[in-house]
Amino acid sequence: MKYILLVLSVLWSYLGSSQNCNNTLRGSVIDFHANTPLENATIKLKNTDKITISDKDGIFNFINICEGTYTIEVSHIGCETITKTVKVKGKTSVTITLEHHLEELDEVNVSGNSKTEVTSIEQSISKEVVEVYTDKSLGDALNTISGVSSLNTGNSIVKPMIHGLHSSRLLIINNNVRQFDQEWGDEHAPSIDINSGGQIEVIKGANTLIYGSDAIGGLILIKPENYALRDSLFGSTSLSLNSNGLGGIINSELTKTYKSGFYSRLQANYKRFGDFNAADYDLTNSDIESINASARFGYKSFEKGFDAYYSYVNNTIGILSTAHLGNVNNLVRAINTSQPIFVGDFSYDINNPKQLITHHLGKVEAYKRFQGIGKLSLQYDFQINRRREFDRRRQNFRDDPAADFRLFTTSLQPNLRIDAFNDLVVNTGLLVRYQQNDAAGFEVTNISIPLIPDYDKYDSGIYFTGNYSLNLNTEISAGFRYDFTRIEAEKEYKLADWEENNYDELFPQFSSGMVEDFEILTFPEFDFHNISSSLGITRYFENDIQFIFNYGLASRMPNVAELFSDGLHHSAARIETGNLTLNKEVANKFILSLERNNQNFGFTVSPYYKYINDFIQLIPSGEVSESIRGSFVKWNYDQVNAHIFGIDIDVNKKLSQHFDYSGSLSVLRGDNLTEDLPLIHMPSANFSNSISYKNENLNQLSLSLTQYTELRQNRFPDYNFTTFDPILLEDVYVDISTPTDAFTLFHFNSSANFKISERSHLNVSFNVENLLNTSYRNYLNRFRYFADDLGRNFNLKLKFNY
């Protein structure tokens, strides 16, 4: 036996010595963006004991290795570990590139100090806060941020405001698509399902040029979730039930991810509420019904990827019955009465007046990285928005909309991000957009002139932005953007109005010369050139303190309502008249921020100042128009020079292991400098305080009590007027300007997690809004003349994560 073993040993030695193991593998490890060598990268030959480190020039060597095919594993601090297959024969060389910018591939964890731009002044809404507002609107959730308020129409229509500005002065970016859904209307809330997105950010500074040139107020950015590259299937189903409105929402979502880089997500929900109630009575016809869904599919790797997204929103919103009045006497009665003129029994029926809104949004985005240059991306998107407004009308016309707006928007946007330099990142891109609006007539009378006309709108733009690190403690950013807009409309004017406004002399080129039934057909055409720029600087200090300065120049063209409005706006219950002579707004924005991002004790102090030349405002004219439908106050658009300034303060303090405190204060002042008046509809000073208790060892129990106080707005323009009441046969005083009183609300929130299995758990939340059932009216609620805001609400949420 020993002779057999001896023979086998000799044969094995002979075979081993006959194999060629004098080969070498030489390689270099470089940074993908800058093409610079990476020192101290670890390189392994898998399934062997060979390992080495790259030198200062990024070079590594393996000597005396056998011929064959090997798998190399390369890792470096701050880089994604990669593997590469190499066939070794003789002297073999290989180049390996590594990527430092892993945040684009890793799953995003929402935190208070994650920022879109290093010099931007912004605040994020955590996932926990979004889940509290899962059955409410985007505007309700944004109200938790200092400096952000809302212009409400009842309780279901909530338009976000940043530093007193809203509608066309705010950019809302939904999944990297600018939202267009007839945002010009005060009572047109964003058609966005808060459950369809991921992180929500509010940018108050000037770093918004990538998205548009007209963000005079600011930017609301709804980011999609970023998934980790791993094989996984997860989802959740949540149910929210409310006592106020006797309704709620059920939402479900399912996500599948693959280690290869592919991912997909489906999400849908149904929301239904009956009549809501104030502290002492029901708010008749304040119901809401909503169906929402979204789908996402894509692939991502370091070098290339794509993302396809589609969302659908369908909202039916009841308009408070008592807010639509038949004559000026009822309006005066409503203003002077503590309760609504009409209060019906609780119902789930959504009767006229109401709004029906559907919104489709689709997007396809693809990107490719080029070594030594950066990332090139291309996005195509489209939106289809239809808004129908129903009024209380005669039986034969009850099911016909009093106004019907159809808006189609499509755009193409290439972008190049150049990040090949160590301290400099440059973004440059183009925009091409087309928009078409089809506006049906009112048909309330024999005259069928729609509130806004049919139009075609063409947009194109180009931008450059850059972020540069001066040193470890200082970063600066700058940007420039140019946009061109052309709008071509087709509109009929009453001949008397056309001549009374002197349009026949100012714009003779718009007239077709065709007059029928005392109406003249016109074809208005306008071209606008907008130039915007920004400059920002961030300086870091010890103890987590940083100082940020932003300056921005923003330009905004008049929107279609400001130019062309002509008639009764049913949802707003007023006559609105546009102005063809309006110029574009030009704003200079300055904002500072001193911040300390620290969990034990943090704060943000942000003063700001905005000067707006040719500020466009919609104000009551002091006249009442009589029609078949009733009596309505006339509102006109005009332009003034204005400034808005104020300060936002946020504080957080860890009181003990389990207790935390947070508070905020916002103070704002807006002035009409041309007429030496306060600006209309400016938010009043407000502050909040919150105490929370958290215990991770007790089923992640969380309890919090929040106080919110809004002071009386003592600075307001007096647009009250006297008009003749045909019923009383006398002049009556119409007080539409005097603000409401100050109020304080208390809210209670609680939640706990219960483990169901290794991969699933149940989150249970119990919340009480308006804990003391306070009766109040918010100055920025357009229905404050007619009814109180919402009373107490008990809310139970169940979320099953799997």
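This is a predicted model: local features need pLDDT of at least 70, side-chain atom pairs count only at pLDDT 80 or more; totals for chains, interfaces and linings use all residues.
Me: Which element gives the largest share of the largest nonpolar core?
Reply: This core has 61 residues. Elements that give two or more residues include β22 (403-418), β25 (474-494), β28 (525-540) and α4 (328-336). The largest share is 5 residues, and the element is α4.

Me: Which residues does Leu 580 contact, leaving aside its neighbours within four places in sequence?
Reply: Leu 580 is among the core members that touch the most other members, along with Ile 452, Phe 526, Phe 564, Val 734 and Phe 786. Nonpolar side chains tend to be buried together in soluble globular proteins. The contacts of Leu 580 are Tyr 493, Trp 498, Tyr 503, Phe 507, Phe 526, Leu 563 and Phe 564.

Me: How many residues are in the other core, the one with Val 29 and Leu 38?
Reply: This core lies apart from the largest one. Its members include Ile 65 and Val 88. The count is 18 residues.

Me: Is Asn 720 buried or exposed?
Reply: Asn 720 sits in the loop between β38 (701-710) and β39 (721-725). Its relative accessible area is 17%. Buried means under 20%, so Asn 720 is buried.

Me: Which backbone nitrogen lies 2.9 Å from a polar atom of the Asn 720 side chain?
Reply: Beyond four places in sequence, Asn 720 touches Tyr 733, Val 734, Asp 735, Ile 736, Ser 737 and Thr 738. Its side chain makes a polar contact with the side chain of Tyr 733 at 3.1 Å. The backbone nitrogen at 2.9 Å belongs to Ser 737.

Conventions
Residues are numbered from 1 along each chain as its sequence is written. Side-chain values use heavy atoms; hydrogens and water are left out. A nonpolar core is a set of buried Ala, Val, Leu, Ile, Met, Phe, Trp, Tyr and Cys residues joined through side-chain atoms within 4.5 Å. Buried means under 20% relative accessible area, exposed over 50%, partly exposed in between (1.4 Å probe, protein chains only). Helices (H or I, at least four residues) and strands (E, at least two) are DSSP runs, numbered from the N terminus. Contact means heavy atoms within 4.5 Å. A polar contact is a pair of N or O atoms within 3.5 Å; within protein, one must be able to donate a hydrogen and the other to accept it, and residues adjacent in sequence count only if both atoms are side-chain atoms.
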